[in-house]
Amino acid sequence: MFNLQIFDVSALLHYGMNSSRYKDDASYGYLVGGIHKVMYHVASAFNNRDSVVLAFDGRNNFRKKLMPEYKIGRTSNTAVISQAELLYENLPRAGITCYKFDGYEGDDVINWCCNQATGYNTVYIYGNDKDLIHNVRGNIAFKNINDGENLVTAANFPYAIERGVYIPFNFINIRKVLTGCKSDKVPPFVSENGLKGSDIFDWYLQVLDAKKVDFIYQNTANPNLLLRCLHYVKDLTDKDFEELQRRIKIIFPAEMPEDFTFTPTAWNKYDKDCMEWFLSYVNDFASIRSLRLHKRNLTDEDKESLRAKQRLLQNGAFAVDRQMVVHDMDAYDDSFITLKEF
């Protein structure tokens, strides 16, 4: 079997809308640069005979209820949201697997896919959010869309995350639980008695090393193992453990719903007629050529629908309908683009 490519759609859309290569791409006035970035990767995957899955962010993120300050301050990009809706509406019609679940992030969906993916040579995750590196192990690798061919694997993990810094495999989420994350607005953990999360993390690494616990994914990415060890720290209170458990729910991927069905799209199993129309609709002739498809002529109704979509973005009606903050479409919080910060 060939490879599987899993795409963080939000990351690709944001990249496209802030890239000099894509950001001005339009179809009858409607900006489609983010869509062009997504479809470039889909077409490339199919040309490599790889299977694909697209992961979308759902609304009503459950983490906001647990921690209201979680990711506070990030302003939604209306152009990106609009293009995400257009992709989610049309790609499934062409047989492309698109997952979106109300209450969950795309990061959750990607984790579920990684846990279900078997039989592939390599599973590649495409994104720009360091949180996704939590999934790296065995044949699962992370490709940062902002750094060209930058690839994080189990083999190069300790030195591939932060330049000049050694980070043991794979403690990303454990470290984040204890030391926080500026980008996600999760503050560092401090116990009621003043113990700092950074000191607890260093202690935890020493404990695992002393007990000769193997630094393999099943151990290093295991929050239950962390909690069991922390029960030997007498200075931690019941309230401290409640806070640690809350952080684990916020930072670690959510549990997979029972009705989740993993069905990637194989490179030769999509509907070419539907794909031809959609790529023509969004003026993506590069992907049409790449997939050896044919350009379709749009109807007057198609053209007007594209113009109407852009008008709704420009006059703010799109944002109002979705109870979003109206702002400049070019504004974008890129604090989570790079892998430099924990």
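Strands β6 (123-127) and β7 (140-144) run parallel and are joined by five bridges, helices (H or I, at least four residues) and strands (E, at least two) being DSSP runs numbered from the N terminus. Within this pairing, Phe142 of β7 is the bridge partner of Ile125. The model is a predicted one, in which local features need pLDDT of at least 70 and side-chain atom pairs count only at pLDDT 80 or more, whereas totals for chains, interfaces and linings use all residues. Residues are numbered from 1 along each chain as its sequence is written, and side-chain values use heavy atoms, with hydrogens and water left out.

On its other pairing, β7 meets β8 in the antiparallel sense over two bridges, and Leu151 in β8 is the bridge partner of Lys143. Five of the five residues of β7 are buried, so the strand is largely enclosed by the rest of the structure; buried denotes under 20% relative accessible area, exposed over 50%, and partly exposed the range in between (1.4 Å probe, protein chains only). Ile140, Phe142 and Asn144 point one way from β7, while Ala141 and Lys143 point the other way.

These strands belong to an open sheet of six strands with mixed pairing, in the order β5-β4-β1-β6-β7-β8; two strands pair if DSSP finds at least two bridges between them. The edge strands, each pairing on one side only, are β5 (98-99) and β8 (151-152). Elsewhere in the sheet, β1 (residues 4-8) and β4 (residues 51-55) run parallel, joined by five bridges, and Val53 in β4 is the bridge partner of Ile6.

Two helices lie across the sheet strands. Helix α1 (residues 9-17) lies across β1, β4 and β6, at about 65° to β1. Helix α5 (residues 106-116) lies across β1, β4, β5, β6 and β7, running at about 170° to β1. Axes are lines fitted to C-alpha atoms, for helices over the stretch in contact, and angles run from 0 to 180 degrees between N-to-C directions.

A helix pair is formed by α4 (residues 78-90) and α12 (residues 272-281), which pack at an angle of about 165° with their axes 11 Å apart. The two are therefore roughly antiparallel to each other, a term for angles over 145 degrees. Leu86, Leu87 and Asn90 of α4 and Trp277, Phe278 and Tyr281 of α12 make the contact, defined by heavy atoms within 4.5 Å.

Asp25 lies in the loop between α1 and β2 (26-27). At 21% relative accessibility, Asp25 counts as partly exposed.

Terms used:
Parallel < 35°, antiparallel > 145°, perpendicular 65-115°, else oblique.
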